[in-house]
Amino acid sequence: MAAEPAISAAGGTARALAATRRTLSLIWSSRRGRIGLSILVVFTLAALLSPVLAPEDPTRDFGSEILAPPSSDHLLGTDGNGADVLSGVLIGARVSMAVGFAAAIISGVIGAFVGVVSGYYGGWIDRTLTAIDDWFLVIPFLPFAIVVATALGRVADDWPGGRVTLLIIVIGMLSWAGTSRLVRSQVLSLKERQFVERAKALGASPGWIVRKHILPNVMPLVFANTVLIVSATILAESTLAFVGLGDPLRPSWGTMLEKANDSGAVATGAWWFFLPPGIGIVLVVLGFTLVGYAIEEIVNPRLRERRG
Amino acid sequence: MTEPILRITDVVKHFPVRRGIIFKREIGRVQAVDGVSIDVRKGETVGIVGESGCGKSTLARCIARLHDVTSGTIEFMGRDITNLTRNEMRPIRRDMQMVFQDPYASLNPRLRVGQIIGEPLVIHGRGTEAEIKARVQDLLDRVGLNPEHYNRFPHEFSGGQRQRIGIARALALEPKLIVCDEPVSALDVSVQAQILNLLTDLQRDFDLTYVFIAHDLDVVRHVSDRVYVMYLGKIVEAGTGAEIYGHPRHPYAASLLSAVPVPDPVLARSKQRIVLQGDVPSPLNPPSGCRFHPRCPRAQVLCSSDEPQATSFGGEHLASCHFPVARWPLADPADIRRPDPAATVE
């Protein structure tokens, strides 16, 4: 028998590991999940190992040949500056995925917090938070993000991580509204459940009830939703980078597309420059979406039944 | 007579019904509990019976202070707990626990049995991890579950086993009073008996007092020393089990009892039944006078205007009726009809 998983921290970690393993095997059991997970594993490995795998530094090593087609020297040709496109794609994967992940985590944390507080406490707290939530839901994402990222661009250059950090914060701050709405509705239903009433009858404080009874029951939902949001945040990062708000020192796939566009790669038919980052974006977004749906199916039993 | 451990006096619980988006105005009140007084003495079991929607569960929640009462007082162990804050209630909750109706919904599916039963101990800071674990295993054993099942999840148990978990949890803090809100209604008949016997054994062993809420007359009779019959937020009849089941005085109580099936076909054929028409009226707009009058076969003009006061029928037997049932068992239709057919309410 496992020792006191009820309270001990070691038991908690072991349990979390077991839960992760169980979730992964459940995702793997659906076809979508299998495809999505495979794509993500390949790209995550590529991104993590990019400093080792990339033959050259795309921000420094500029060769003499610009827009050269794929050859044995440059497997994916060179870009408008004569840098190696393959290296760019590998390094870009790291930036794109890091921004996507970090922004989605910020959005998940804010969304879960706002949703739980607003749903559990109700009253004027709920009304205020819902109003803020509404505001974030209706503001047009792109113009707002462009304005904020432009206004703070100079300041962000001095931050650790530079403009990439700025993009993470801007995108994260702008994408939690849907999550909090979802969590709030779930909490509204959970707090009326008998086990919550029972905890109140035991004399539990609201903090205890939220920690022990509400959060564990909304976390799977937040998790599934956050994985789906990663697709959106990666796309958002690419968009902002494409309009020139990326960090030139830390080029992402969006930055590459911007450069490809600027150097006339599309017009001259230099497909090796714009196709690889474009395909990268599409595949990673697809991967996160597939895995997100697979998790959603696990979390939401109604969807599982529909599958048969 | 022993001092009551729980004394409820004129408890009223109205739920306001509001309409409007910004300026909410009250458009009515659901009068769920309307002036209920109950005494519970130490060591006894008090049953509360009534149809769905008569306010039994609301009353239970008022006792456990899960609802704030609209008016009236609740005294527990000699202390007025009606207006205590959540923090002031905490020490009192050790002595008053609840067992809930639905053994599926009342257990958090994401917690293990050990965590569920140990939760009250952790909340009230009783002992170290190891002590709590030992106590939980002792409790599991006490309610007839295997202490080895400490690490299982609720979904691995049957309905009856889940209710045992609920009972173990209620026992964890060694309470004096347990409010059981329909503890066996969701269970199969055979399992009901086991749970009822368990409750009786625990009462003997731990010197417990129960407030037992149910809609099943036989269940209440089986466990209760005294019984209160509720209708639409009010107590209509009260007494010992023998008094009420031996000769119900209120036509509502009589109608409930006459509906209980008799296993003897000869007796069943000769039996007279009071068959009630219609549904329980809305507690949003309860009938005037005696709340039972629109459905009562004995109602007269008086019943729709004057609310009957509780009248004694000897011993502890009280009923609130202008025209109580005179003869029991009901032998012929005249026992049911209103005493004077000329004075009709229409």
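This passage walks through some strands in chain B, the contact between chains A and B, and a pair of helices in chain A. The model is predicted, so to speak of a local feature takes pLDDT of at least 70 and side-chain atom pairs count only at pLDDT 80 or more, while totals for chains, interfaces and linings use all residues. Residues are numbered from 1 along each chain as its sequence is written, and chains are lettered from A and ligands numbered from 1 in the order in which they are written.

In chain B, strand S1 (residues 4-19) runs antiparallel to strand S4 (residues 71-76), with five bridges joining them. Strands here are DSSP runs of E with at least two residues, helices are runs of H or I with at least four, and both are numbered from the N terminus; two strands pair if DSSP finds at least two bridges between them. B:Val12 sits opposite B:Ser71 of S4(B). S4(B) also pairs with S5(B) (residues 79-80), again antiparallel, over two bridges, and there B:Phe76 faces B:Arg79. Two residues lie between these strands in the hairpin, and B:Met77 has a positive phi near 50°.

Where the chains touch, chain B gives 24 residues and chain A gives 22 (contact means C-beta atoms, placed from the backbone, within 7 Å). On the chain B side, H2 (86-93), H3 (113-123) and H4 (129-142) each give two or more residues, with the largest share, six, coming from H3(B).

Over in chain A, helices H10 (residues 206-245) and H11 (residues 253-262) pack at about 35°, their axes 7 Å apart (axes are lines fitted to C-alpha atoms over the stretch in contact, and angles run from 0 to 180 degrees between N-to-C directions). Among the contact residues are A:Leu240 of H10(A) and A:Trp253 of H11(A).

Definitions and conventions. Two residues are in contact if their C-beta atoms, placed from the backbone, lie within 7 Å.
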